[in-house]
Amino acid sequence: MTIRKYITGIVLVGVLGTGIVACQKEEYSFGEIKTPSELALDIVVEGADASNPEGNGSGYVQIEASASNAITYKIDFGDGITRMVPGGTVRYRYGTPGTQEYVVTVNAIGTAGVVSTISKKVAVNVIFEIPAAILSSLTGNGSKVWVTDNQAAGHIGVGPADAFEPIWYQASPDEKAFTGCFYDDEITFSRDANNRVSMTIDNKGASLIQGASVGSYGFSGPEDCYPLDVSGVKALTFSDATSGAPASVSTRIQFSVPGNGAINFATGANVYEILSITENTIHLRNIGVDGNAWYQKLKVKP
């Protein structure tokens, strides 16, 4: 054997040896698999007290999850959002206006992905940030009384749901005076220290109900005055308008009225879009039970 052949043989054996070592299977181990135990979940709504159990309207909650043998936590906030929270503690803000109830679910994750789960319900109030100009015009220094703007053309009107003006009908000044119940309603809008707006209505015992809507309030008959119960303080929920109206014809802010939803002219609706508002006038739009767009104009009580 020549020296050259001898050297080649050594290299070949070395390469084969390296390949054998490289092909050896590596083994891994998770160690002892431990399922998270003693799982606890604590949720505190910011600003909650005896008077405001759902919080101060900010929408923030403090969530604290803990467990033995947990590596991380997966939190489902109950509003469609899920997040990994390694420490188990997070400050979270809900965004849907009004008081909503959510189910918060926490998965405590241990070694090898084993999971323990806990859930808890929480009610959270979110106050929509009403534009300052609208809030001031609506409630003044804290409270303001409004009545039907009976001298304005179109203080009641109706049009198609895909339009933003009463192209089918507009009431002329004092046209509904014969009803005897419409123009005497007093609507008071008030706000508290957290800018939560509420409404009270004094309808003197009767409200004007639009013809197609009479049945939805439990009465029968044509458009007329009916003994509609509008008593109590109504906590209003404000939000961005959903109508798609352009800024040229609307403030693009709406509010919903709990209960039967009526203000001064009942159409079966409970959501009202503020088309325009000044210190002395409001122009509202709603979709009645008949599917049409109804319009109402209010003015500050003289």
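Helices here are DSSP runs of H or I with at least four residues, strands are DSSP runs of E with at least two, and both are numbered from the N terminus.

## About the model

This is a predicted model, in which local features need pLDDT of at least 70, side-chain atom pairs count only at pLDDT 80 or more, and totals for chains, interfaces and linings use all residues. Residues are numbered from 1 along each chain as its sequence is written, and side-chain values use heavy atoms, leaving out hydrogens and water.

## Helix 2 and its end

Let's start with helix 2, which spans residues 132–139. Its buried residues (under 20% relative accessible area, with a 1.4 Å probe and protein chains only) are Ile134, Leu135, Ser137, Leu138 and Thr139. Just after this helix comes Gly140, with a positive phi of about 60°.

## The disulfide

The structure holds one disulfide, a term that stands for a pair of cysteine sulfur atoms within 2.5 Å. Cys181 and Cys225 form it, with 1.9 Å between their sulfur atoms. The torsion about their S-S bond is about -90°, so the disulfide is left-handed.

The pair links distant parts of the chain, 44 residues apart. Cys181 lies in the loop between strand 10 (169–170) and strand 11 (186–191), while Cys225 belongs to strand 14 (residues 224–226). Cys181 is buried, at 5% relative accessible area.

Now for an open sheet of four strands, ordered 4-3-6-7 with antiparallel pairing; two strands pair if DSSP finds at least two bridges between them. Strand 4 (82–84) and strand 7 (115–126) stand at the edges with a single partner strand each, so one side of each lacks a neighbour in the sheet.

Strand 3 (residues 72–76) pairs with strand 4 over three bridges in the antiparallel sense. Ile75 stands opposite Arg83 of strand 4.

Technical notes:
Buried means under 20% relative accessible area, exposed over 50%, partly exposed in between (1.4 Å probe, protein chains only).
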